[in-house]
Protein chains: 2
Amino acid sequence: MELKNDLILRAAKGEDIDRYPVWLMRQAGRILPEYRAVRSSLSGFKELVETPERAAEVTIQPVDILGVDAAIIFSDILVVPEAMGLEYQMIEQKGPWFEKTIRSREELKLISDSFDINDRLGYVLEAIKITNRELHGRVPLIGFAGAPWTILCYMVEGKGSKTFSESRKLLYTDPALAHELLSMITKVTIQYLKAQIKAGAHMVQIFDSWAGILGTEQYAEFGLKYISLIADAIKEVPVTIFSKGAITSLGSIGKLNCNTVGLDWNMDITETRKMVGKSRTLQGNLDPCTLYSSHKEVENLTIKMLDTFTSKRHIVNLGHGVYPDVDPEKVKTFIKTVKNYELRK
Amino acid sequence: MELKNDLILRAAKGEDIDRYPVWLMRQAGRILPEYRAVRSSLSGFKELVETPERAAEVTIQPVDILGVDAAIIFSDILVVPEAMGLEYQMIEQKGPWFEKTIRSREELKLISDSFDINDRLGYVLEAIKITNRELHGRVPLIGFAGAPWTILCYMVEGKGSKTFSESRKLLYTDPALAHELLSMITKVTIQYLKAQIKAGAHMVQIFDSWAGILGTEQYAEFGLKYISLIADAIKEVPVTIFSKGAITSLGSIGKLNCNTVGLDWNMDITETRKMVGKSRTLQGNLDPCTLYSSHKEVENLTIKMLDTFTSKRHIVNLGHGVYPDVDPEKVKTFIKTVKNYELRK
């Protein structure tokens with residue numbers, strides 16, 4: 001199916017565009033009453049993720065309602081550790097929880113990196129196919145996975161954490177085990193992303209939510225090394241890397257085999273451009289809290305951000321997932337402002 | 001009382017030292033069985049904070065047991081919002097919780113910045129006096145307070161948070177109210193720190209735990225502006241500023257009227273030195289997870305860090321509070337390594 005709007009792919013590849021593309025992290029769900037209606041008809045978050053027809057439905061909602069330039073498949077980064085053998089629960093108001101964790105070589109036997117992706121993650125691939133069928137090429141569909149370091153964080157810690165000190169501990173007590181685990185996650189992630197692309201994902205994003213808790217050296221060794229393997233392996237579609245909080249590693253991320261570098265809301269676009277260079281597209285980074293201000297202020301702050309862009313290599317987004325209590329009308333103002341912004345020639 | 005060991009004060013002021021001083025954030029409590037014994041004899045954390053004799057006792061424990069070069073008064077940054085009118089509870093395994101929050105001009109009436117510090121925070125001042133009496137000048141005593149931005153975060157959010165989006169929201173919806181609240185907190189904090197100094201604190205540290213969730217511009221406006229007022233007001237003793245996660249603001253922090261700049265574990269010492277300049281002392285920043293490795297490795301990694309220091313303007317610490325499950329023997333190895341390290345002339 002030919003795409004009617006390929007702006008985001010063109011911006012990612014550094015091709016000419018006539019306006020900046022825009023989408024939101026966590027746009028599928030969270031803010032829309034239409035999403036909550038679907039969600040409340042099911043037992044919970046996991047049932048929604050695992051039911052392809054409904055996952056496709058909420059994936060398309062923001063395209064219909066908000067007018068974004070890309071859809072992102074409704075799923076979770078934790079489907080990968082689950083497919084590898086660690087089942088998770090998503091506890092309301094608390095977040096993810098794993099009954100078993102990997103903190104020793106013995107526990108490493110609980111997981112596997114040799115299985116058929118179709119067999120264990122077929123529901124995501126099916127959701128991608130349904131989404132594309134129902135999108136009729138209106139916008140591209142983004143596939144995604146967690147970065148190996150972030151997935152390790154959850155596999156070792158077993159739950160969310162402010163410091164992930166159990167996960168970071170492993171880097172000192174048994175770095176060889178950490179590398180083995182990261183290699184296994186990397187292998188599965190490459191297969192999983194390739195399967196998403198085969199199923200129809202037009203671009204992919206790697207989320208490294210816990211990049212910022214490591215120093216520059218450790219992040220190079222336990223984070224970027226594995227993202228680099230993934231970026232090298234994915235040649236089919238544009239790749240975006242979003243390493244949250246990794247301000248001091250932006251220069252290194254810009255050297256990876258990726259098209260786009262994602263920015264936090266607290267990273268400075270001008271400084272980041274200096275570190276990343278001109279050969280990559282930047283994605284971001286309006287503070288999601290901006291959307292709590294008045295419509296006029298949302299417009300002003302969005303324009304202020306767009307005015308800092310010095311090239312066409314930008315994909316507009318927030319610098320974090322959209323917060324659940326944001327008024328969808330404010331999101332529409334944000335999107336409309338980007339679409340109406342006149343691009344310098 | 002004359003101090004027998006004033007290393008940390010000399011290092012803060014840039015005077016000559018014959019070895020680097022060393023202490024740990026959260027050293028008073030957390031890791032020591034001796035602390036847990038005191039704690040379990042009381043109803044909980046708050047009773048310990050509010051009972052001067054016992055607070056003094058746990059403040060001195062790390063001096064006796066670990067051999068650190070400074071004591072830090074056992075207390076909590078949240079005693080300030082409580083004194084201003086917002087009572088807090090410390091819920092086991094969950095953290096702080098406030099029944100009332102400040103999100104409107106109406107709610108601002110719940111708090112006051114005009115009260116006698118001795119009246120509402122006398123228990124901290126009493127603990128400082130007892131500690132110094134019992135320390136007999138063995139080491140200096142550090143007083144502290146939260147930075148206004150971090151205190152605002154708790155007053156608005158009412159509890160811990162990964163994003164403090166309610167607090168950040170206020171900066172967009174009612175910046176004038178945010179500034180008013182920050183001014184009130186600043187006024188009380190200056191009086192509180194001066195009272196601590198009068199009671200016997202030999203230096204003070206300002207903790208801005210949530211500095212890193214703001215972009216550089218917003219942190220300058222809502223964070224550093226108020227820290228600067230505090231730093232300007234405290235002339236009696238050396239001042240340390242620890243703005244966690246504020247990597248992009250290190251240059252600005254180095255220009256404040258402070259002696260020492262605290263570093264996270266994921267900040268690079270060489271890069272930070274470039275940003276802060278030579279006229280300030282740096283404090284930090286061994287990754288607390290280092291202390292999970294073997295004694296030999298703790299020694300090696302500590303020496304590796306010390307070798308990056310290019311001047312005597314350093315106070316050695318971890319880059320975060322010591323984690324509760326760390327073996328105190330490893331902490332002793334860390335401290336011993338610093339004490340045995342031969343300083344370049």
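This report describes how two chains are related and meet in a predicted model, and then turns to some local features of each chain.

Because the model is predicted, local features need pLDDT of at least 70 and side-chain atom pairs count only at pLDDT 80 or more, while totals for chains, interfaces and linings use all residues. Residues are numbered from 1 along each chain as its sequence is written, and chains are lettered from A and ligands numbered from 1 in the order in which they are written.

**The two chains**

Chain A is superposed on chain B by a rotation of 180 degrees with 0.0 Å of shift along the axis, at an RMSD of 0.0 Å, where copies are superposed by least squares on the C-alpha atoms of residues with pLDDT of at least 70 in both. This is the relation of a two-fold axis, and in chain A the C-alpha nearest that axis belongs to A:Lys162, at 3.6 Å.

The contact between the chains takes 21 residues from chain A and 22 residues from chain B, two residues being in contact if their C-beta atoms, placed from the backbone, lie within 7 Å. On the side of chain A that touches chain B, the largest share, five residues, comes from α9(A); helices (H or I, at least four residues) and strands (E, at least two) are DSSP runs, numbered from the N terminus. The residues of that side divide into eight nonpolar, eight polar and five charged, with Ala, Val, Leu, Ile, Met, Phe, Trp, Tyr, Cys and Pro counted as nonpolar, Asp, Glu, Lys and Arg as charged, and the others, Gly among them, as polar. The copies meet through the same surface, because 100% of the interface residues of chain A are also interface residues in chain B.

**Backbone features**

Most residues other than glycine have a negative phi, and most peptide bonds are trans.

| Cis peptide bond | Omega |
|---|---|
| A:Gly284 to A:Asn285 | near -15 degrees |
| B:Gly284 to B:Asn285 | about -20 degrees |

A:Asn285 lies in strand β8 (residues 281-286) of chain A, and B:Asn285 is found in strand β8 (residues 281-286) of chain B.

A:Arg26, in the loop between α1 (7-13) and α2 (33-40) of chain A, has a positive phi near 65 degrees. A:Arg26 is partly exposed, because 17 other C-beta atoms lie within 10 Å; a residue is buried if 20 or more other C-beta atoms, placed from the backbone, lie within 10 Å of its own, exposed if 12 or fewer, and partly exposed in between. A:Phe164 also has a positive phi, near 45 degrees, and is placed in the loop between α8 (148-157) and α9 (165-173) of chain A. With 22 other C-beta atoms within 10 Å, A:Phe164 is buried.

A:Asn340, in helix α15 (residues 328-340) of chain A, counts as exposed, with 11 C-beta neighbours inside 10 Å.

**A helix pair in chain B**

The axes of helix α4 (residues 52-65) and helix α7 (residues 117-135) of chain B come within 8 Å and cross at roughly 45 degrees, axes being lines fitted to C-alpha atoms, for helices over the stretch in contact, and angles running from 0 to 180 degrees between N-to-C directions. The two helices are therefore oblique to each other, since angles under 35 degrees count as roughly parallel, over 145 as roughly antiparallel, 65 to 115 as roughly perpendicular and the rest as oblique. The residues that meet include B:Ala55, B:Ala56 and B:Ile60 in α4(B), and B:Ala127 and B:Ile130 in α7(B). Nine nonpolar, two polar and three charged residues make up this contact.
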